[in-house]
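Let's take a friendly look at the charged pairs in this protein. The sections below go through a few of them one by one.

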Amino acid sequence: MFVAFEREDESVRFSERLRNYFTAPQIELKKVEVPCALPFYIVRTREWRGEYPWEAAAEAAGTLRARALLPFWASPGNDVPLSPFRPLVFPRRLLFNSAVKTIEKMLLDPRKVSVTLIDNGAYLVDLVEELVFFAARLSIVTDCTAPYEELAARLLKKYGVSLLISPKLQKDAVNSTFIISDKIFPVPLSFSGVLFTNEKKRLENAVVIVGEGFTLPEKYSSLLPQDADALSFAGALYELCAANELGCLGYDKMIACG
């Protein structure tokens, strides 16, 4: 679960502004039910003494203040005990799903295609089987090898496909047709294939492709807190509320950095 913060935009009369100096902020804590997932909470309040009462809002959030989805205008200050939530797994799944669809649309001969996936944490292990149909050679770079070793055994039995697993990027990765990596850093500068990544940077020799735009299904977008980023909200639902179906989504489109 997590907590989001909203601000009432109603105009405040002079008498109410004056009363703010003698009363505590009025805080509303609302529980929001999510279809087939855990709920989240919204803290909602007016400005108090000319600004958003972050300390009182954080106190109202209780332990959930360690998982705070902040609005774009938020500036709580370093002394306010809030930990802003930043999605870690969800953007990687968006990238992977979009990369697979892009590779599929290229209609390449799978016998001539090799894909290297960098997946520290093994967050994508349940999705990798989709690549079997588009690449003859699959290499996984991960610091969590056990789940991938189990997957490798299943893929070998089911398709006769060997999954190459390594904790470090191998030298022959530069010969991959595609590399899928959340970050650019591990990718060799000499790589001259296509890199799918979440970092909008350029590599001298590679074609760098990133995702652009994200659309939430209506049943979730209707719950989007005021002034919250849709991708961060979806990431919070997926990572903190077990809205697992969101893990199958992708970006609206893929574009080349240039």
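## What counts as a salt bridge

A salt bridge here is a side-chain nitrogen of Lys or Arg within 4 Å of a carboxyl oxygen of Asp or Glu. The structure holds 12 salt bridges.

This is a predicted model, in which local features need pLDDT of at least 70 and side-chain atom pairs count only at pLDDT 80 or more, while totals for chains, interfaces and linings use all residues. Residues are numbered from 1 along each chain as its sequence is written, and side-chain values use heavy atoms, with hydrogens and water left out.

## E8 and R46: a link between two loops

E8 and R46 join through their side chains in a salt bridge, at 3.3 Å from N to O. Because E8 sits in the loop between β1 (3–7) and α1 (14–20) and R46 in the loop between β3 (40–45) and α2 (54–61), the pair ties together parts 38 residues apart in sequence. Helices (H or I, at least four residues) and strands (E, at least two) are DSSP runs, numbered from the N terminus.

E8 is partly exposed at 21% relative accessibility, and R46 is partly exposed at 28%. (Buried means under 20% relative accessible area, exposed over 50%, and partly exposed in between, with a 1.4 Å probe and protein chains only.)

## R92 and D182: a buried pair

The side chains of R92 and D182 form a salt bridge of 3.6 Å, N to O. R92 belongs to helix α3 (residues 90–105) and D182 to the loop between β8 (178–181) and β9 (194–196), so this pair connects parts that are 90 residues apart in sequence. Both residues, R92 and D182, are buried.
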